[in-house]
Amino acid sequence: MQETFEIAKLRVNFEAKGELLYTRTRPYLTEKTETPDLTLTLEEEVVRQKHERFPQLTIDECRYMWMGEAFYRQLLFHDGILMHASCVERDGKAYLFSAKSGTGKSTHTGIWMRHFGDCRMINDDKPAVRRMNGTFYACGTPFSGKDDASENIQVPIRAIVFLERAKENSIEKISAQSAIPLFLSQTLRPPQKEIMQKMLDILGALLETVPVFLLKCNMENEAAEVSYQGIENYYKQIEKARDTK
């Protein structure tokens, strides 16, 4: 039976079949509607084929993962993209940390939450990045990786940070040109040319409004302080330059 969920401020209809998908969608459940923004379907034959291709995953995990993929593919038509990142909120602002698997993005956001004490997790694996009324928001979704660390909230994005492991901590703002290949390695890339162009258009708008940084870091508490202060210093410089005009 299809239900209605509110995800990234969109009303989404689909059948939450299987324990994993059912359990993780409960915080997003809303009043049933026959006129949703999105309707998702996932054939059981597709789930079976995915399980055969990835036998290390259970049927339940396959159903959960590919329903998430179905959501993110349709999100493109509502000014949104998937970002493979760990995303936290502090002072009403969202900070997204992205990297190749195994680099330590979840470890880094864990340091933020312990070090600052006033952060909360938005989504630890696949936040939705969506433009609403001209502002880009990081949105919690039910599709949040193995640990289900996510909240059904939408927070304006302060910064996006790509991580590299290093002995010493340092952060620098990078250009849109440098950021594009990093983004493309951490999102869904549709095979259809016209849909790919839609994704690139959204990405272009994102890069025009949200600063992107490269953080070289270890996994000590100082890394959180360096990343936060580096981002805030960038904004202070912008404000200072504006005031002197």
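What follows is a short chat about a sheet and some aromatic contacts in a predicted model.

Trainee: In what order do the three strands of the open sheet sit?
Mentor: The order is β1-β2-β3, and the pairing in this open sheet is mixed. The edge strands are β1 (3-7) and β3 (38-39), each of which pairs on one side only.

Trainee: And how many bridges join β2 to β3?
Mentor: Two bridges join β2, residues 10-14, to β3, and these strands run parallel; N13 of the model stands opposite T39 in β3.

Trainee: Switching to aromatics, how many pairs does a search of the whole structure find?
Mentor: The search finds 15 aromatic pairs. In one of them, the rings of Y95 and W112 have centres 4.9 Å apart and planes at 50 degrees, so the pair is tilted. Because Y95 lies in strand β6 (residues 93-98) and W112 in helix α4 (residues 105-116), this pair ties together parts that are 17 residues apart in sequence.

Trainee: Are Y95 and W112 buried or exposed?
Mentor: Both Y95 and W112 are buried.

Trainee: What about the rings of Y95 and Y228?
Mentor: Their centres are 6.1 Å apart and their planes stand at 55 degrees, so the pair of Y95 and Y228 is tilted. This pair links distant parts of the chain, with Y95 in strand β6 and Y228 in helix α7 (residues 221-243), 133 residues apart.

Trainee: Why does Y228 count as buried?
Mentor: Y228 has 13% relative accessibility, and buried means under 20%.

Trainee: Which residues do the ring pairs link into a cluster with Y95?
Mentor: The cluster holds Y95, F97, W112, F116 and Y228.

Definitions and conventions. Residues numbered from 1 in each chain as written. Predicted model: local features only at pLDDT ≥ 70, side-chain atom pairs only at ≥ 80, totals over all residues. Heavy atoms only, no water. Pairing = 2+ DSSP bridges. Helix = DSSP H or I, 4+ residues; strand = E, 2+ residues; numbered from the N terminus. Phe/Tyr/Trp six-rings, centres within 6.5 Å; stacked < 30°, edge-to-face > 60°. Buried < 20%, exposed > 50% of the residue type's maximum accessible area, 1.4 Å probe, protein only.
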